[in-house]
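Reader: I've got the sequence and the coordinates open. Could you walk me through a few spots?

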Amino acid sequence: MHRIYDAQNELSAATHLTSKLLKEYEKQRFPLGGDDEVMTSTLQQFAKVIDELSSCHAVLSTQLADAMMFPITQFKERDLKEILTLKEVFQIASNDHDAAITRYSRLSKRKENEKIKAEVTEDVYTSRKKQHQTMMHYFCALNTLQYKKKISLLEPLLGYMQAQISFFKMGSENLTEQLEEFLTNIGTSVQNVRREMDCEVENMQQTIEDLEVASDPLYLPDPDPIKFPAHRNLTRKAGYLNARNKTGLVSSSWERQFYFTQGGNLMSQARGDVAGGLVMDIDNCSVMAVDCEDRRYCFQITSFDGKKSSILQAESKKDYEEWICTINNISKQIYLSENPEEIAARVNQSALEAVTPSPSFQQRHESMRPAVQSRPPAVRTSSTGSLGSDSAALSALSLDSLVAPDTPIQFDIISPVSEDLPGQAKSSGQSGRRTNPFGESGGSKPETEDSILHQLFIVRFLGSMEVKSDESPDVVYETMRQILAARAIHNVFRMTESHLLVTCDCLKLIDPQTQVTRLRFPLPNVVLYATHQENKRLFGFVLRTSGGRVESYQTSICYIFESNNEGEKICDSVGLAKQIAFHAELDRKASEKQKEIDRVKEKQQKELNKQKQIEKDLEEQSRLIAASSRSNQSSTEGQFVVLSSSQSEDSDLGEDGKKKRESEA
């Protein structure tokens with residue numbers, strides 16, 4: 001009966017678990033199984049019915065526990081234990097009686113001590129009475145046990161049968177005609193599925209036979225290139241290659257692995273590995289055919305800086321040419337364009353040239369390297385972000401208006417503005433000067449000493465890239481997405497920690513150890529700033545710069561940072577700084593306007609004073625002329641009198657007197 005009870009409990013638990021798993025079946029995602037709503041609803045109906053059956057089994061388990069297990073457990077643990085206890089008590093009483101009789105039998109015939117005789121007699125009396133009473137209770141319990149035994153056998157069986165009858169009644173009530181119709185329909189569906197399976201198996205067998213006939217030439221390791229030409233316009237490729245690994249100075253080994261391209265990366269996956277690993281970044285790489293250890297179909301891939309290279313061997317000439325063409329297309333970042341196959345067709349000629357072995361590696365490497373002006377110099381100092389093929393296609397198709405598809409990503413704190421514009425390096429960078437972030441200085445006065453706002457934040461630089469628009473926060477969100485995706489693909493986890501100083505004039509990135517200003521961003525050039533919608537630690541801003549390689553050409557660069565849960569605070573601080581700077585600019589313009597008005601008034605006053613001085617001078621001059629004219633008139637009359645007298649004297653003196661007078665005069 002205990003086994004029946006345990007089995008019923010196990011059946012109830014298993015039925016309940018089956019119902020639970022059927023309810024959770026719709027959450028399972030099978031690699032080859034599509035979404036089947038009919039199958040899901042059918043399993044949900046089965047789960048409901050089995051859940052009801054589980055409830056019935058649970059009720060049956062409870063009834064078996066009460067009606068079957070309880071009586072027999074009580075008989076075992078209470079009645080039988082009572083008999084065993086009485087038996088032990090009776091045995092003890094019998095032993096005490098035997099001991100008392102033994103002492104009584106040892107009494108002597110002589111009359112010695114009446115007191116000892118009385119004590120022994122009393123012991124015999126007491127032990128015999130106790131034995132008799134114990135015996136009667138023991139025998140009574142034995143007789144009663146015979147009836148209890150019958151009851152303890154019949155009651156559990158009766159309870160078991162009643163519980164089963166009750167269970168079957170509940171089952172008949174639950175299994176209605178509607179459920180029977182449902183089960184009939186499910187049976188018909190199972191038969192239909194079986195027939196569909198048979199038809200599918202037959203079709204697959206026929207397809208397999210047709211493919212075997214059509215693919216017979218492909219079973220050769222090197223199929224005919226005329227019948228199966230190489231596809232030269234591919235931007236993604238996967239297959240097995242033999243990789244050359246150096247084991248010594250002159251020795252090497254070859255290992256066969258599965259290689260595939262993912263965006264601008266070449267990945268490899270060994271047999272048994274769960275996922276692939278990065279082999280090389282093939283953006284701007286060079287690829288060429290090589291002769292290696294007398295093996296056929298070998299080619300070499302070299303990174304754009306020439307520091308890393310890998311020699312691979314294809315299985316056939318077709319794979320050999322396709323791998324070279326595909327890597328050549330990816331190295332030019334054709335996979336990021338809208339129509340990669342059309343662009344790949346244009347550069348097909350250069351891909352064909354790569355198939356021919358080159359006598360000079362350096363010559364081939366230089367010829368495969370893209371032109372310097374095709375990419376900013378920042379690419380040479382930092383990794384270029386190449387997203388996955390799906391995300392890159394999405395970015396190129398739907399987000400081309402925000403971020404250009406062929407845009408390099410810079411992971412290091414090296415300002416592309418100062419690199420591209422050497423003339424602006426000192427004005428915008430000023431990276432060689434130590435700066436106290438709190439505006440204190442020893443001997444020289446810092447440029448932000450008069451700034452009202454000084455706020456310092458700890459940030460980590462994630463990356464920057466050029467954007468095509470600076471009017472919507474979506475530019476910052478898309479830049480965040482591309483930079484984080486590029487970091488994940490390239491396994492770039494290192495981030496440079498800096499102090500971001502927000503003032504009313506500019507934003508500064510300061511080295512925490514040396515207090516040297518790494519980058520300086522003029523605040524008027526910061527045209528857009530935003531925090532990530534979900535991850536508030538991420539924030540970014542767009543810096544608009546003018547000039548560069550093309551005169552009067554404005555570029556917008558988006559910088560992305562990570563902070564310690566202070567993204568919104570930093571954006572609020574930048575907004576406050578721009579407001580303070582705006583009001584300061586208004587005050588400055590108003591002050592300049594007032595100064596201009598004062599200068600105009602002062603100039604007018606000077607002109608008026610000058611005019612008055614001129615009039616005064618004219619009056620004084622007129623007065624002097626009048627006085628002079630009067631004095632000249634009186635002197636003229638005197639001169640006339642003197643002249644007359646002198647003429648008379650001259651006539652008397654003669655010629656010698658005239659000369660003497662003239663000399664005196």
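This is a predicted model: local features need pLDDT of at least 70, side-chain atom pairs count only at pLDDT 80 or more; totals for chains, interfaces and linings use all residues.

Reader: Then which residues is Asp 79 in contact with, leaving aside its neighbours within four places in sequence?

Author: You'll find Asp 79 in helix α2, residues 37-105. Leaving aside neighbours within four places in sequence, Asp 79 is in contact with Gln 74, Leu 145 and Lys 148.

Reader: And does Asp 79 count as buried or exposed?

Author: Buried means under 20% relative accessible area. Asp 79 has 8% relative accessibility, so this residue counts as buried.

Reader: What about Val 201, where does its relative accessibility put it?

Author: Val 201 sits in helix α4, residues 177-214. Together with Met 197, Met 204 and Ile 208, Val 201 forms a nonpolar patch on the surface, with about 340 Å² of accessible area for the group. Val 201 is at 38% relative accessibility, so it counts as partly exposed.

Reader: Over to the open sheet of seven strands: which strands stand at its edges?

Author: The strand order is β4-β3-β2-β1-β7-β6-β5, with antiparallel pairing. An edge strand here has a single partner, so one side of it is left without a neighbour in the sheet; that goes for β4 (277-281) and β5 (286-292).

Reader: By how many degrees are neighbouring strands of that sheet turned against each other on average?

Author: Direction is ignored for this one. On average, neighbouring strands of the sheet are turned against each other by 40 degrees.

Reader: At about what angle does helix α5 run to β6?

Author: Helix α5, residues 317-331, lies across β1 (238-246), β2, β3, β5 and β6 (295-302). Its angle to β6 is about 10 degrees.

Reader: Last stop, β14: how many of its nine residues are buried?

Author: β14 (residues 538-546) has antiparallel partners: β13 (residues 526-531), through five bridges, and β15 (residues 554-563), through nine bridges. With β13, β14 forms a hairpin that has six residues between the strands. β14 is mostly covered, and the number of its nine residues that are buried is seven.

Definitions and conventions:
Residues are numbered from 1 along each chain as its sequence is written. Side-chain values use heavy atoms; hydrogens and water are left out. Two strands pair if DSSP finds at least two bridges between them. Helices (H or I, at least four residues) and strands (E, at least two) are DSSP runs, numbered from the N terminus. Axes are lines fitted to C-alpha atoms, for helices over the stretch in contact, and angles run from 0 to 180 degrees between N-to-C directions. Contact means heavy atoms within 4.5 Å. Patches are made of residues with over 30% relative accessible area and no salt bridge: like charges are joined within 9 Å, nonpolar side chains (Val, Leu, Ile, Met, Phe, Trp, Tyr) within 5 Å. Accessible areas come from the Shrake-Rupley method with a 1.4 Å probe; for residues, only the protein chains shown count as cover. A salt bridge is a side-chain nitrogen of Lys or Arg within 4 Å of a carboxyl oxygen of Asp or Glu. Buried means under 20% relative accessible area, exposed over 50%, partly exposed in between (1.4 Å probe, protein chains only).
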